[in-house]
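Reader: Please show me the structure. Then I would like to ask about its pockets.

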Amino acid sequence: MNALILAAGQGKRLGNLGKLQPKCLTEIFGKPIIERQIEVLAHEKINPIYIVTGYKKKFLKNYNLNEFYNDQYESTNMVYSMFKAQDLFKKNDEDLIISYGDIIYEKNNLAKLIESDAEISIMVDLNWRKLWSLRFPNPLDDAETMKIDEGLNILELGKKTEDYKEIQGQFTGLLKFRKDFLPKIKSYYENLKLNIRDYENLFMTDFIQLLIDSGFKVKAVPVFGGWLEIDTENDIKCYEKLIESKELNEYFRI
């Protein structure tokens, strides 16, 4: 099994931290995000690990990861970065884990995702509201829709809503493409580029919704916490407070 870390972005919402280095090098609990990801992936014997770099890529050389480079990182989004690694979608001999570069996740959560045999599997946090209430004064300001049927098929995701009933879980930035569907997903994206303006700025949730609408089966892999997103300075402060109050284990186990 292979893994691809999407780490091209700068992390502007991290203030000065985001200016100094790639976002994935932000330290959380005394260790850079990227190192925590590599450790968890290695624990599950995932190899090789690939990375899409962009902003200040030279700072990531010491990790000796297989690198793809998004030279348009300032003006593009996650999906564009992902297909900078299109070579991984041409072959179909290994499943592919896709991870955002600004999240950390527990080993057992990754193991659940690996066990899924769906065409496309997405780690979905059913206990999202507890974490969002910590990070945001109003969780609905940042949360997006997630509608799942009884068979754990995802029907809708990524839309803004003012109704908690439309949010059965939250997209976490960790997903898996089954090996035999990698060429099909690449082919779909190539056709999409011909029909959608501004495809370079397509959000991952929008891309997944388009796949669903086109007949791809996308399954939720439900978890209850066990992951964290490091997107803003406030996130770091929130998580540091959890350490001080000894409440971190309620959200994430180091």
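Predicted model: local features only at pLDDT ≥ 70, side-chain atom pairs only at ≥ 80, totals over all residues.

Reader: What makes a space a pocket and not a cavity?
Author: Work on a 1 Å grid over the protein atoms alone. A cavity is a set of points where a 1.4 Å probe fits but cannot get out. A pocket is an open set, with protein on both sides within 12 Å along at least five of seven lines.

Reader: How much space lies in the largest pocket?
Author: About 1200 Å³. That volume is the space filled by probe spheres set on the points, which are joined across faces, edges and corners.

Reader: Which residues of its lining are closest to the centre of the largest pocket?
Author: Arg13, Lys23, Met78, Asp102 and Asp231, out of 45 lining residues. A lining residue has an atom within 4 Å of a point.

Reader: Which element gives the largest share of that lining?
Author: β11, with four residues. Strands are DSSP runs of E, at least two residues; helices are H or I, at least four. β11 spans 170–177.

Reader: What does the second largest pocket hold?
Author: About 170 Å³ of space. Its lining has 13 residues, with Arg36, Glu39, Val40, Phe252 and Ile254 nearest the centre. α2 gives the most, four residues.

Technical notes
Residues numbered from 1 in each chain as written. Heavy atoms only, no water.
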